[in-house]
Amino acid sequence: MINSQNPVARREGLVIQEMPEEVLVYDTNTNKAHCLNQTAAFIWKACDGSNSVKDISKLVGDEFGGAVSDDFVWLAIDQFNKDNLLQEKVETKFEGFSRREVIRKIGLAAVVALPVVASLAVPNTVLAVGTCVRVQCCAPSTTGGATCPAGSPPSTCPSPCVCPATGNPTLCT
Amino acid sequence: MDSEPRLSQETNNIYWFTLQSRISEGKAVKAFQFLRGSGFEPILIKGFAAARFYPEKWRRQYSDVDLCVEPSAFERAKKLAESPEGRRYNIDLHNGLRRLDPVPWEDLMQNSELVEIEDSTVRILRPEDHLRVLCTHWLTDGGAYRERLWDIFYLIEKRPEAFDWKRGLDAAGPRRRRWVVCCLGLARKYLGLNIKDTPVAEEAGNLPVWLTRAVEKEWQSQIRLKPLYTCLNDWRVFSQQIRKRIPPNPIQATVEMEGDFDESSRLKYQWGSVLSRIPPSVFRLGSAFRENFEKKNV
């Protein structure tokens, strides 16, 4: 049963992408993106309105094989609040400690990885689709004279240059 | 420890582009639902249809949803795509395949495929037809976009076992067959595409000199072609774009004039292209000038 005191994960206006060990969330209202580590993602999913913080801390313990305190869950909720990942903000209860102190306290004792929500920054480079991974270019050429190791981003590739694998003149940008 | 957690730049970028891919897929799905809701059944080209063959979909970014509709339905669908709701999905609506492929719409539709995204479906061309479209589109841009050559690369590398080479190469006639073969040849030459076991292995090795020269020149150039009417507010860019057009890109000119990719001089196509472009360019420039003038006076 949904209890208005229990945290409820927001779903509206979010694009959610499950990764093997993390969950990526894009907020279409703010155009901000976040990466929830496994623990944070688990807690976020458990925020369905029917689970209290105590219930969630028990679920985390069962899932990850190590008892965690309520503060552990509050730590995640605190981050969800900040990043607007809950339907309604929930007042965090660190029982007299500051967030920093809680992290220190839990961090030292926790068997389970701390819940972390990292913000994604807009990449400041264009997508390196044309990296040199494929042709493993480039060797010093007569015109370019520079080298371009495999996998280097296009901006670092000299052009024109010669691909030693095929002997073909090729361009890396 | 209390500071904002950060990911490495590489992870950050991969995650960011992964989310963008997911968002673009979502837009494609919604665009389909939107048009289908009004009785249209479009075919999606480029974008998602190309990205699905990439080993990592996030590497192929796209922002608009290229949808083709049956030519007889185009005007009605266009109104819908330009409506406030339609604009939310970034639909780039095409009147059939027009210059991208001469195969009749009914044939393309009959051979198209439905693929699932997010519990819904979008309609795409079968890979053989999409290969021709991708090649023609790439050539229409004058071969300027090296990164888009990967679309062709991955389509061939990840082609289904039952890939019908005859359809992919010959369905649009011998001239376009040569266009496709040349694109495959370029993908082999510059990206290392393996076409040894394909019917074009020999033919693709024989690329016209003007073609490779034009491609390399484009890739070295820092300036990409833009429609002239979009540069009217910046004379430096405008004059740069004029200079870029002299002489016209031989690839673009040949495709525009439906020419052959043989060893002969490109001059006739370049002249043809210039002459055929003058009237519409003058018209567009005139409209843009008028619009600019009116805006300034308002």
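This is a predicted model: local features need pLDDT of at least 70, side-chain atom pairs count only at pLDDT 80 or more; totals for chains, interfaces and linings use all residues.
Leu193(B) is buried, since 24 other C-beta atoms lie within 10 Å and the threshold for burial is 20 or more. Leu193(B) belongs to the loop that links α9 (174-191) and α10 (209-220) of chain B.

Leaving aside residues up to four places away in sequence, the contacts of Leu193(B) are Phe153(B), Ile156(B), Glu157(B), Leu184(B), Ala187(B) and Arg188(B). A further relation across the sequence concerns Ile152(B): this residue and Leu193(B) are 41 residues apart along the chain, and their C-alpha atoms are separated by 9.3 Å.

## Packing of α1 and α2 in chain A

Two packed helices are described by the angle between their axes and the distance between the axes. In chain A, the axes of helix α1 (residues 38-46) and helix α2 (residues 53-64) come within 10 Å and cross at roughly 135 degrees. The two helices α1(A) and α2(A) are therefore oblique to each other, because an angle counts as roughly antiparallel over 145 degrees and as roughly perpendicular from 65 to 115 degrees. The crossing of α1(A) and α2(A) is right-handed.

On the side of α1(A), the contact is formed by Thr39(A), Phe42(A), Ile43(A) and Ala46(A). Helix α2(A) contributes Ile56(A), Leu59(A), Val60(A), Glu63(A) and Phe64(A). By residue class, the contact of α1(A) with α2(A) comprises seven nonpolar residues, one polar residue and one charged residue.

Most residues other than glycine have a negative phi, and most peptide bonds are trans. Asn31(A) is not a glycine, yet its phi is positive, at about 55 degrees. Asn31(A) sits in the loop between β2 (23-27) and β3 (32-36) of chain A. It counts as exposed because it has 8 C-beta neighbours inside 10 Å, where the limit for exposure is 12 or fewer.

In chain B, Asn90(B) also has a positive phi, near 50 degrees, and is likewise a residue other than glycine. Asn90(B) occupies the loop between α4 (84-87) and β3 (91-95) of chain B. With 17 other C-beta atoms within 10 Å, Asn90(B) is partly exposed.

The peptide bond joining Ile246(B) and Pro247(B) is cis, with omega about -10 degrees. Pro247(B) is located in the loop between α11 (235-244) and α12 (250-256) of chain B.

Key:
Residues are numbered from 1 along each chain as its sequence is written. Chains are lettered from A and ligands numbered from 1 in the order in which they are written. Axes are lines fitted to C-alpha atoms, for helices over the stretch in contact, and angles run from 0 to 180 degrees between N-to-C directions. Helices (H or I, at least four residues) and strands (E, at least two) are DSSP runs, numbered from the N terminus. Angles under 35 degrees count as roughly parallel, over 145 as roughly antiparallel, 65 to 115 as roughly perpendicular and the rest as oblique. A crossing is left-handed if the near helix is turned anticlockwise from the far one by less than a right angle, and right-handed if clockwise. Two residues are in contact if their C-beta atoms, placed from the backbone, lie within 7 Å. Ala, Val, Leu, Ile, Met, Phe, Trp, Tyr, Cys and Pro count as nonpolar, Asp, Glu, Lys and Arg as charged, and the others, Gly among them, as polar.
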